[in-house]
Amino acid sequence: MPKNITIYTTDTCSYCPMVKQYLKSKGLSYDEVNLEKHPERQDEVFKMSGALTVPVTIVTQQDDSQEVVVGYNLSRLAPAIA
Amino acid sequence: MPHDLVIVGAGPAALSAAIYTCREDIDTLLFEKGAIGGLAAVTDWVDNYPGFEKGISGLDLAEQMRRQAERFGAKIELGEVQRIEDQGKLKKLTTTEGDIYAKAVLIATGSDYKKIGVPGEKEYYARGVHYCATCDGAFYRDKRLVVVGGGNSAVQESMFLTKFASHIDILVRSKLRASDVLIKELEKHKDKITIHLATTTDEIIGSGGKVTKVIGTDTATGKKVEFPTDGVFVFVGLMPNTKFLEGSNIQVDEVGLIKSDPKLMTNVPGIFVAGDVRSGATLQIASATGEGATAALMIRKYLEDLEREG
């Protein structure tokens, strides 16, 4: 079970609700950072993900290690939240 | 226990087929490796799908289709089908979630964005080169953009991008192929959009890890042209998702689209095809859902005949 999940999103991103729905279906809560409401945090997500795209999901494990999942990528997200 | 039907994909064609088959208690499993709703789900706005007089967002349309299919009992599993093998009355599907068996298969895998195939495109993917305006447009508020393409998607998504960008240069290789209604609507954005006809896109150049300009050729004069930009959005067409059929005996045409007979069946009995991945499809959401419904009726008949044979 992860310690924390943060999703970076925008209002127009079609894949963002899909990630949120997937996490909800697994009974997991998450923090959301909307980059349109907080454009000052775009650099932060770019540094972590290397990509100018959303969704970006940061999964922090119990040992504080982090998995960065770019896009709607269940083959990476599923093992990260397991 | 084999399923009656496995549908590879969960876009409009697949969901439409599932609505029909599930309503008739045909045990139906959909297998989707990406986003439910396919490319329709990431389309900013859909104005030409019947039944929505004011139009609807692609995401909402896809979501409603999904809920409708699930209301009738459709099960959507997330994973990837890697291989389909014809074993006569049964089909074996090798997937990331294990092997599954079905009496009939509907391939509705749709298509993915085509690349231009120029230097810089791969290097700057997702860091200045994008294929989805609704996904990534918000990163370019008050920035300059280049859009490559001259069809409906290029025009539609350019208009969407004006919500964010300060200016958009559309590079069109020959002439605009978009529908007249979209070209007319484009006029309303001429303060923010400049169209460059007969202009190829030759290279995407960056510096410090970010895109800075696009170099092209004005084919009328043969001169090189440069477009300073912060990002490039590419809408140059689609390519079918049929790579997983390599090595199978399912026939495809010269561009990889799956061939079918008038009943939407491939050359393999019991394997059907519908939507954008089908050779001859007209690449509209409305036609995809129509093909999905047609395929469902053909599949129902196929399964009835199969049961009669025993």
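Ala126(B) is partly exposed, with 17 other C-beta atoms within 10 Å. Its phi is near 65°, a positive value in a residue other than glycine. The model is predicted. Chains A and B touch: 18 residues of chain A are in contact with 19 residues of chain B.

**Backbone features**
- Ala126(B) sits in the loop between β7 (111–113) and β8 of chain B.
- Leu283(B) also has a positive phi, near 55°, and is not a glycine.
- The loop between β17 (271–273) and α6 (285–309) of chain B holds Leu283(B).
- Leu283(B) counts as partly exposed, with 16 C-beta neighbours inside 10 Å.
- In chain A, the peptide bond from Val54(A) to Pro55(A) is cis, with omega near 5°.
- Pro55(A) lies in the loop between α2 (42–49) and β3 (56–60) of chain A.

**Sheet in chain B**
- Five strands form an open sheet in the order β8-β15-β9-β10-β11 (chain B), with parallel pairing.
- The edges are β8 (129–130) and β11 (193–196) of chain B; each has a single partner strand, so one side of each lacks a neighbour in the sheet.
- β9 (residues 144–148) and β10 (residues 167–171) of chain B pair over five bridges.
- Leu145(B) has Ile168(B) as its bridge partner in β10(B).
- Helix α4 (residues 152–161) of chain B packs on the sheet and touches β9, β10, β11 and β15 (231–234) of chain B.
- The direction of α4 makes about 170° with that of β9(B).

- On the side of chain A that touches chain B, helix α1 (residues 15–25) of chain A gives the most, with three residues.
- By class, that side of chain A has eleven nonpolar, six polar and one charged residues.

Conventions
Residues are numbered from 1 along each chain as its sequence is written. Chains are lettered from A and ligands numbered from 1 in the order in which they are written. This is a predicted model: local features need pLDDT of at least 70, side-chain atom pairs count only at pLDDT 80 or more; totals for chains, interfaces and linings use all residues. Two residues are in contact if their C-beta atoms, placed from the backbone, lie within 7 Å. Helices (H or I, at least four residues) and strands (E, at least two) are DSSP runs, numbered from the N terminus. Ala, Val, Leu, Ile, Met, Phe, Trp, Tyr, Cys and Pro count as nonpolar, Asp, Glu, Lys and Arg as charged, and the others, Gly among them, as polar. Two strands pair if DSSP finds at least two bridges between them. Axes are lines fitted to C-alpha atoms, for helices over the stretch in contact, and angles run from 0 to 180 degrees between N-to-C directions. A residue is buried if 20 or more other C-beta atoms lie within 10 Å of its own, exposed if 12 or fewer, and partly exposed in between; C-beta atoms are placed from the backbone.
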